[in-house]
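Here is a friendly walk through a two-chain model, meant to be read with the viewer open. Pick a colouring you like, and let's begin.

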Amino acid sequence: MAKKFSQEHEWIELEDGIATVGITDYAQQSLGDIVYVELPEVGKKLTKDGDAAVVESVKAASDVYAPLDGEIVEVNEDLDDNPALVNEAPETDGWFFRMTLTDESQLDELMDEAAYNDFVEGL
Amino acid sequence: MADQETVLLKTALHDLHVELGAKMVPFAGYDMPVQYPLGVKAEHLHTRAKAGLFDVSHMGQVRLTGENRVAELEKLVPGDIAILKPGRTRYSTFTSDDGTILDDLMITNAGESLFLVINAACKDDDIVHMRANLGDGVNLEEINDRALMALQGPEAANVLARFAAAVADLKFMSFAELDIAGIPCFVTRSGYTGEDGYEISVPNDRAEELARKLLAEDEVEAIGLGARDSLRLEAGLCLYGNDINDTTTPVEGDLNWIINKRRRAEGGFKGADVILDQLENGADIKRVGIKPEGKAPAREHTAILNSDGEEIGEITSGGFGPTVDGPIAMGYVAIEFAAPGTKVDLMVRGKARPAEIVELPFAPHRYFRG
């Protein structure tokens with residue numbers, strides 16, 4: 001499935017019923033140098049727009065919201081040692097977590113890449 | 001209330017910041033560069049490795065003249081200004097009648113005058129305070145026609161000496177009026193990064209010219225307020241409004257060193273009764289360095305707990321130190337927990353996380369003392 005995007009600057013990629021979630025290139029550029037990522041625990045149940053993770057730059061902490069309802073099945077442990085991966089490869093190696101989806105139809109509420117690029121353009 | 005929307009002030013270097021691609025943010029009423037395309041972390045590390053140029057023109061510059069300038073200023077600050085020789089600079093604080101800190105400042109004996117540098121956010125209040133409390137025989141002049149920039153880092157002296165050889169011999173906390181690249185400047189060998197370097201007061205209409213000359217040197221990068229903050233935090237230096245303010249005294253703020261023997265013996269400054277009593281008998285709280293054990297930064301207002309889970313203080317500045325390569329913080333704790341080595345917990349996002357009280361600074365000072 002092609003990536004989907006939220007207005008909170010997360011990307012979501014669904015494969016075999018598991019969604020991989022990270023923050024967009026636009027988001028990492030706005031945040032600047034990322035020095036710490038606090039990831040949720042595996043098994044944590046997420047509610048759409050609820051707190052999912054925290055990303056910290058040198059200057060400030062920012063919340064990352066769950067783009068969809070579901071449950072965490074895996075987190076990117078590489079970010080513990082190398083949070084700068086989020087700056088270097090936000091939409092590939094810098095992924096945050098993987099989750100099951102309670103309701104795949106929620107994906108329809110998210111933007112495709114073209115719509116997200118237009119959205120960012122307008123900010 | 002639309003007319004209360006603040007129109008941000010611009011420093012003489014504003015156009016240059018924009019040209020350099022800085023991200024501009026409101027700070028103390030000014031539109032200031034928080035970072036350049038290099039980014040906060042690289043700017044921080046560059047300053048520690050080579051030299052960084054900071055625009056600090058938002059800070060206030062004040063000249064005091066008149067025969068009573070020293071004695072009258074000593075009524076408002078606990079520092080020994082009389083002992084300050086011409087060409088020497090001292091860090092001090094304005095204190096209130098309650099002994100709390102109204103601002104911190106640099107005071108230079110410029111020979112025929114005292115030259116003060118005060119914080120941007122406090123400068124209007126400071127000037128009102130001085131005008132109201134400085135007695136006869138002192139004239140206060142706000143210097144609004146000069147910008148202020150800081151060149152900081154181990155290569156700062158080499159770079160600046162190319163434009164003014166005499167700066168090489170200037171010692172830490174010393175001042176000279178001299179031409180840099182033909183531009184008349186007030187130079188102090190000082191700064192707020194923990195590194196060797198200079199603060200340079202330059203006429204507004206020559207500021208951009210000087211900044212461009214310095215930035216053209218290989219070692220120099222433009223550095224924003226973001227890195228200025230992480231550099232000063234690693235250096236254990238107070239940010240007024242966070243780490244010291246009008247509820248904390250110099251003793252609570254661990255600034256006893258700014259009050260020398262004569263001022264301790266004689267008093268005669270605002271709040272002296274409170275401050276001298278705390279010097280004698282101790283204060284209930286103290287500013288300390290705090291090193292979180294994990295990787296999560298603990299930001300300002302984070303609660304500090306003892307091993308019984310009781311709140312014993314609060315973080316006043318906290319973040320990530322790029323040179324330390326980890327989280328660092330400063331804050332106040334009850335005096336019985338202030339000893340380095342004391343284990344505490346920090347409440348970050350509802351979780352108690354282990355940390356330790358440590359000596360400041362986090363990054364060693366590298367001042368040039370000659």
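Predicted model: local features only at pLDDT ≥ 70, side-chain atom pairs only at ≥ 80, totals over all residues.

## A buried arginine

B:Arg48 belongs to helix H2 of chain B. Setting aside neighbours within four places in sequence, its contacts are B:Gly153, B:Glu195 and B:Thr323. Take B:Glu195: 147 residues separate it from B:Arg48 in sequence, yet the two C-alpha atoms are 6.9 Å apart in space.

## The helix around it

B:Arg48 is one of several buried residues in H2(B); the others are B:Val40, B:Lys41, B:Glu43, B:His44, B:His46 and B:Thr47. Why is H2(B) described as largely enclosed by the rest of the structure? Because 7 of the 10 residues in this helix, which spans residues 40–49 of chain B, are buried.

The cover over those buried residues comes from several parts of chain B, including strand E2 (30–35), strand E3 (51–55), strand E9 (146–152), strand E13 (220–222) and helix H7 (225–234).

## Packing against H7(B)

Two packed helices are described by the angle between their axes and the distance between the axes. For H2(B) and H7(B), the angle is about 55° and the axes are 8 Å apart. That angle makes H2(B) oblique to H7(B). The crossing of H2(B) past H7(B) is right-handed.

Which residues meet where these helices pack? From H2(B) come B:Val40, B:Glu43, B:His44 and B:Thr47, and they meet B:Gly226, B:Ala227, B:Ser230 and B:Leu231 of H7(B). By class, the residues of this contact are 3 nonpolar, 4 polar and 1 charged.

## A closed barrel in chain B

Now follow H7(B) to a neighbouring sheet. In chain B, 6 strands close into a barrel with antiparallel pairing, in the order E14-E17-E16-E15-E18-E19. On average, and ignoring direction, neighbouring strands of this sheet are turned by 45° against each other. H7(B) packs on the sheet, where it touches strand E16 (311–321) and strand E17 (326–334) of chain B, and its direction makes about 125° with that of E16(B).

Strand E14 (residues 285–292) and strand E19 (residues 351–358) of chain B run antiparallel and are joined by 4 bridges. Here B:Pro292 has B:Ala355 in E19(B) as its bridge partner.

## An enclosed strand

E9(B), one of the elements covering H2(B), also runs antiparallel to E12(B), with 7 bridges joining the two. In this pairing, B:Ala150 stands opposite B:Glu199 in E12(B). Strand E12 covers residues 197–203 of chain B, and 6 of its 7 residues are buried, so the rest of the structure largely encloses it.

E12(B) is also joined to strand E11 (residues 183–188) of chain B by 3 bridges, and these strands run antiparallel. There, B:Phe186 stands opposite B:Ser201 in E12(B).

## An open sheet in chain B

Another set of 5 strands in chain B forms an open, antiparallel sheet in the order E5-E6-E7-E4-E8. Strand E5 (88–95) and strand E8 (139–142) of chain B are at its edges, each with a single partner strand, so one side of each has no neighbour in the sheet. The twist from one strand to the next averages 25°.

Within the sheet, 5 bridges join the antiparallel strands E4 (residues 60–65) and E7 (residues 114–118) of chain B. B:Gln61 has B:Val117 in E7(B) as its bridge partner.

In chain A, strand E9 (residues 97–101) pairs in the antiparallel sense with strand E3 (residues 18–23) over 4 bridges, and A:Val21 stands opposite A:Phe97 in E9(A). E9(A) also pairs in the antiparallel sense with strand E8 (residues 70–75) of chain A, over 5 bridges. In that pairing, A:Glu71 has A:Thr100 in E9(A) as its bridge partner.

How many residues of chain A are in contact with chain B? There are 10, and they contact 14 residues of chain B. Strand E4 (34–38) and strand E6 (51–57) of chain A each supply at least two residues of the side that touches chain B. The largest share, 3 residues, comes from E4(A). That side of chain A divides into 5 nonpolar, 1 polar and 4 charged residues.

Key:
Residues numbered from 1 in each chain as written. Chains lettered and ligands numbered in written order. Buried ≥ 20, exposed ≤ 12 C-beta atoms within 10 Å, placed from the backbone. Contact = placed C-beta atoms within 7 Å. Pairing = 2+ DSSP bridges. Axes fitted to C-alpha atoms, helices over the stretch in contact; angles between N-to-C directions. Parallel < 35°, antiparallel > 145°, perpendicular 65-115°, else oblique. Left-handed = near helix turned anticlockwise from the far one by under 90°. Nonpolar A, V, L, I, M, F, W, Y, C, P; charged D, E, K, R; others polar.
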